[in-house]
Amino acid sequence: MDTSAFIAGFDPFAVNEEEYTTPLVKDELFSNSLAFLRLETAIKNGKVKVKTPREQFVAEVKKHSKALGDIFFLSEADVQVLALALELKNAGYAPLIATDDYSVQNVANQMGIEFASLLTFGIKFKFHWIRYCPACRRKYPPNYPSNTCQVCGAKLKRKPYKKSSLKQRQKKE
Ligand SMILES: [Zn+2]
(Lines give C-alpha, C1' and ligand atoms only; values in the text may rest on other atoms or scores of the structure.)
Protein backbone atom coordinates (compact mmCIF):
# COMPACT_ATOMS: atom_id res chain seq x y z
CA MET A 1 0.00 0.00 0.00
CA ASP A 2 1.22 3.48 -0.80
CA THR A 3 0.43 6.69 1.05
CA SER A 4 -2.61 7.50 -1.09
CA ALA A 5 -4.20 4.21 -0.03
CA PHE A 6 -4.01 4.94 3.68
CA ILE A 7 -5.08 8.56 3.35
CA ALA A 8 -8.10 7.55 1.28
CA GLY A 9 -9.13 5.15 4.06
CA PHE A 10 -7.73 1.76 3.07
CA ASP A 11 -8.31 -0.70 5.92
CA PRO A 12 -5.60 -3.40 6.15
CA PHE A 13 -7.95 -5.59 8.22
CA ALA A 14 -10.44 -5.77 5.34
CA VAL A 15 -7.94 -7.67 3.19
CA ASN A 16 -6.85 -11.27 3.66
CA GLU A 17 -3.58 -11.15 1.72
CA GLU A 18 -0.13 -10.62 3.19
CA GLU A 19 0.34 -6.84 3.34
CA TYR A 20 3.40 -4.63 3.14
CA THR A 21 4.28 -1.00 3.22
CA THR A 22 7.48 1.00 3.71
CA PRO A 23 8.86 3.23 6.51
CA LEU A 24 8.58 6.39 4.41
CA VAL A 25 4.87 5.79 3.79
CA LYS A 26 4.35 5.81 7.53
CA ASP A 27 6.38 9.03 7.76
CA GLU A 28 4.17 10.73 5.17
CA LEU A 29 1.03 10.24 7.25
CA PHE A 30 0.18 12.84 9.87
CA SER A 31 0.79 11.22 13.25
CA ASN A 32 -2.58 12.32 14.66
CA SER A 33 -4.59 11.15 11.64
CA LEU A 34 -6.97 8.21 11.47
CA ALA A 35 -4.90 6.81 8.61
CA PHE A 36 -1.77 6.79 10.78
CA LEU A 37 -3.50 5.18 13.76
CA ARG A 38 -5.08 2.56 11.53
CA LEU A 39 -1.70 1.66 10.01
CA GLU A 40 0.04 1.63 13.38
CA THR A 41 -2.58 -0.73 14.80
CA ALA A 42 -2.22 -3.01 11.77
CA ILE A 43 1.57 -3.03 12.18
CA LYS A 44 1.37 -3.82 15.89
CA ASN A 45 -1.00 -6.69 15.15
CA GLY A 46 1.34 -8.07 12.50
CA LYS A 47 -1.27 -7.47 9.81
CA VAL A 48 1.00 -5.11 7.86
CA LYS A 49 4.74 -5.59 7.56
CA VAL A 50 6.97 -2.54 7.16
CA LYS A 51 9.95 -3.26 4.98
CA THR A 52 12.67 -1.08 3.45
CA PRO A 53 13.43 -2.14 -0.11
CA ARG A 54 17.00 -2.95 -1.06
CA GLU A 55 18.95 -0.17 -2.79
CA GLN A 56 19.27 -2.01 -6.11
CA PHE A 57 15.47 -2.02 -6.49
CA VAL A 58 15.21 1.66 -5.54
CA ALA A 59 17.76 2.43 -8.26
CA GLU A 60 15.81 0.35 -10.75
CA VAL A 61 12.56 2.21 -9.98
CA LYS A 62 14.29 5.59 -10.27
CA LYS A 63 15.70 4.63 -13.64
CA HIS A 64 12.24 3.73 -14.98
CA SER A 65 10.59 6.79 -13.39
CA LYS A 66 13.14 9.10 -14.98
CA ALA A 67 12.61 7.55 -18.39
CA LEU A 68 8.83 8.02 -18.03
CA GLY A 69 9.07 11.54 -16.60
CA ASP A 70 7.20 10.45 -13.48
CA ILE A 71 10.19 10.95 -11.20
CA PHE A 72 9.08 14.55 -10.50
CA PHE A 73 5.70 13.41 -9.23
CA LEU A 74 6.85 10.55 -7.05
CA SER A 75 7.78 11.09 -3.42
CA GLU A 76 10.57 9.03 -1.88
CA ALA A 77 7.79 7.02 -0.22
CA ASP A 78 6.24 6.24 -3.62
CA VAL A 79 9.63 5.13 -4.94
CA GLN A 80 10.04 2.87 -1.90
CA VAL A 81 6.63 1.28 -2.49
CA LEU A 82 7.44 0.57 -6.13
CA ALA A 83 10.90 -0.75 -5.19
CA LEU A 84 9.45 -3.01 -2.52
CA ALA A 85 6.92 -4.40 -4.98
CA LEU A 86 9.74 -5.09 -7.41
CA GLU A 87 11.80 -6.78 -4.70
CA LEU A 88 8.86 -8.97 -3.67
CA LYS A 89 8.23 -9.86 -7.30
CA ASN A 90 11.86 -10.88 -7.69
CA ALA A 91 11.48 -13.05 -4.58
CA GLY A 92 8.64 -14.95 -6.25
CA TYR A 93 5.64 -13.10 -4.86
CA ALA A 94 2.83 -11.66 -7.01
CA PRO A 95 2.59 -8.15 -5.53
CA LEU A 96 -0.39 -5.87 -6.11
CA ILE A 97 0.08 -2.19 -5.28
CA ALA A 98 -2.99 -0.54 -3.78
CA THR A 99 -2.80 3.04 -5.03
CA ASP A 100 -4.79 5.88 -6.56
CA ASP A 101 -1.63 7.75 -7.54
CA TYR A 102 -1.41 8.03 -11.31
CA SER A 103 2.40 8.17 -11.42
CA VAL A 104 2.77 5.12 -9.18
CA GLN A 105 0.34 3.27 -11.46
CA ASN A 106 2.20 4.41 -14.57
CA VAL A 107 5.62 3.29 -13.33
CA ALA A 108 4.19 0.02 -11.98
CA ASN A 109 2.63 -0.65 -15.35
CA GLN A 110 5.94 0.02 -17.12
CA MET A 111 7.75 -2.38 -14.78
CA GLY A 112 5.19 -5.14 -15.13
CA ILE A 113 3.91 -4.82 -11.56
CA GLU A 114 0.19 -5.20 -10.90
CA PHE A 115 -1.73 -2.43 -9.19
CA ALA A 116 -5.31 -1.87 -8.13
CA SER A 117 -7.08 1.45 -7.70
CA LEU A 118 -8.73 2.04 -4.35
CA LEU A 119 -12.16 1.70 -5.92
CA THR A 120 -11.31 -2.02 -6.05
CA PHE A 121 -11.30 -1.96 -2.26
CA GLY A 122 -14.59 -0.10 -2.05
CA ILE A 123 -13.08 3.34 -1.48
CA LYS A 124 -14.83 6.12 -3.36
CA PHE A 125 -13.25 9.07 -1.58
CA LYS A 126 -10.62 10.84 -3.68
CA PHE A 127 -8.19 13.49 -2.59
CA HIS A 128 -5.58 15.59 -4.31
CA TRP A 129 -2.03 16.42 -3.36
CA ILE A 130 -0.71 19.89 -2.96
CA ARG A 131 3.05 20.32 -3.28
CA TYR A 132 4.83 22.94 -1.27
CA CYS A 133 8.27 24.16 -0.34
CA PRO A 134 9.02 23.40 3.32
CA ALA A 135 11.52 26.28 3.42
CA CYS A 136 9.75 29.28 1.83
CA ARG A 137 6.17 27.86 1.86
CA ARG A 138 5.60 28.53 -1.83
CA LYS A 139 2.86 26.27 -3.24
CA TYR A 140 3.11 24.34 -6.49
CA PRO A 141 0.51 22.59 -8.64
CA PRO A 142 0.57 18.76 -8.66
CA ASN A 143 1.88 18.76 -12.24
CA TYR A 144 4.80 21.13 -11.60
CA PRO A 145 7.60 19.32 -13.45
CA SER A 146 10.36 19.50 -10.85
CA ASN A 147 11.19 18.22 -7.37
CA THR A 148 12.76 21.46 -6.18
CA CYS A 149 11.52 24.95 -5.31
CA GLN A 150 12.25 27.41 -8.10
CA VAL A 151 12.69 30.22 -5.57
CA CYS A 152 14.97 28.71 -2.95
CA GLY A 153 15.95 25.31 -4.35
CA ALA A 154 14.62 23.27 -1.42
CA LYS A 155 13.18 19.80 -2.07
CA LEU A 156 9.37 19.98 -2.36
CA LYS A 157 7.08 18.11 -0.02
CA ARG A 158 3.44 17.24 -0.44
CA LYS A 159 0.31 16.95 1.62
CA PRO A 160 -3.22 15.86 0.84
CA TYR A 161 -6.02 18.36 0.56
CA LYS A 162 -9.69 18.38 -0.20
CA LYS A 163 -10.73 20.93 -2.78
CA SER A 164 -13.19 22.58 -0.42
CA SER A 165 -10.68 23.13 2.37
CA LEU A 166 -8.14 24.55 -0.08
CA LYS A 167 -10.66 27.14 -1.27
CA GLN A 168 -11.31 28.17 2.32
CA ARG A 169 -7.61 28.60 2.91
CA GLN A 170 -7.17 30.66 -0.24
CA LYS A 171 -9.95 33.02 0.82
CA LYS A 172 -8.20 33.68 4.10
CA GLU A 173 -4.88 34.51 2.45
ZN1 LIG B 1 11.25 27.55 -1.51
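**Salt bridges and the domain interface**

Let me begin with glutamate 60, which is partly exposed at 31% relative accessibility; buried here means under 20% relative accessible area, exposed over 50%, and partly exposed in between, with a 1.4 Å probe and protein chains only. Before going on, this is a predicted model, where local features need pLDDT of at least 70 and side-chain atom pairs count only at pLDDT 80 or more, while totals for chains, interfaces and linings use all residues. Residues are numbered from 1 along each chain as its sequence is written, and side-chain values use heavy atoms, with hydrogens and water left out.

Glutamate 60 makes a salt bridge with lysine 63, with 3.9 Å between the closest N and O atoms. By salt bridge I mean a side-chain nitrogen of Lys or Arg within 4 Å of a carboxyl oxygen of Asp or Glu. Both residues are in helix H4, three residues apart, so about one helical turn separates them. Helices (H or I, at least four residues) and strands (E, at least two) are DSSP runs, numbered from the N terminus. Lysine 63 is exposed, its relative accessible area being 53%.

How many salt bridges does the rule give? The count is 11. As background, side chains of opposite charge can pair when their charged atoms come close.

Two of these pairs link separate parts of the chain. One is lysine 47 with glutamate 19, at 3.7 Å from N to O. Lysine 47 sits in the loop between helix H3 (34-44) and strand S2 (48-50), and glutamate 19 in strand S1, so the pair ties together parts 28 residues apart in sequence. Glutamate 19 is buried, at 3% relative accessibility. The loop between H3 and S2 also holds glycine 46, which is partly exposed at 47%.

Lysine 51 is partly exposed at 30% relative accessibility, whereas glutamate 87 is buried at 8%.

Staying with strand S1 (residues 19-21), threonine 21 lies there too. Is threonine 21 buried or exposed? It is buried, with a relative accessible area of 1%. A polar atom of its side chain lies 2.8 Å from the backbone oxygen of methionine 1. Beyond neighbours within four places in sequence, the contacts of threonine 21 (heavy atoms within 4.5 Å) include Phe6, Leu39, Val50 and Leu84.

Now the domains. The assignment, which is automatic or from a database, gives domain 1 (3-121) and domain 2 (128-172). Their centres, taken over C-alpha atoms, are 22 Å apart. The contact draws 13 residues from domain 1 and 12 residues from domain 2. About 820 Å² is buried between them, 55% of it from carbon and sulfur atoms; that is the accessible area (1.4 Å probe) that the two parts lose on being put together, summed over both. On the domain 1 side, Ile7, Phe72 and Phe73 lose the most area, together 53% of what that side buries.

Across this interface the rule finds four salt bridges.

Where is aspartate 78? Aspartate 78 is in helix H5, and is buried at 1% relative accessibility. Its side chain makes a polar contact of 3.0 Å with the side chain of arginine 158. A polar contact is a pair of N or O atoms within 3.5 Å; within protein, one must be able to donate a hydrogen and the other to accept it, and residues adjacent in sequence count only if both atoms are side-chain atoms. The side chain of aspartate 78 also reaches the backbone nitrogen of serine 75, at 3.0 Å. Leaving aside neighbours within four places in sequence, the residues in contact with aspartate 78 include Asp2, Phe73 and Val104.

That is where I will stop.
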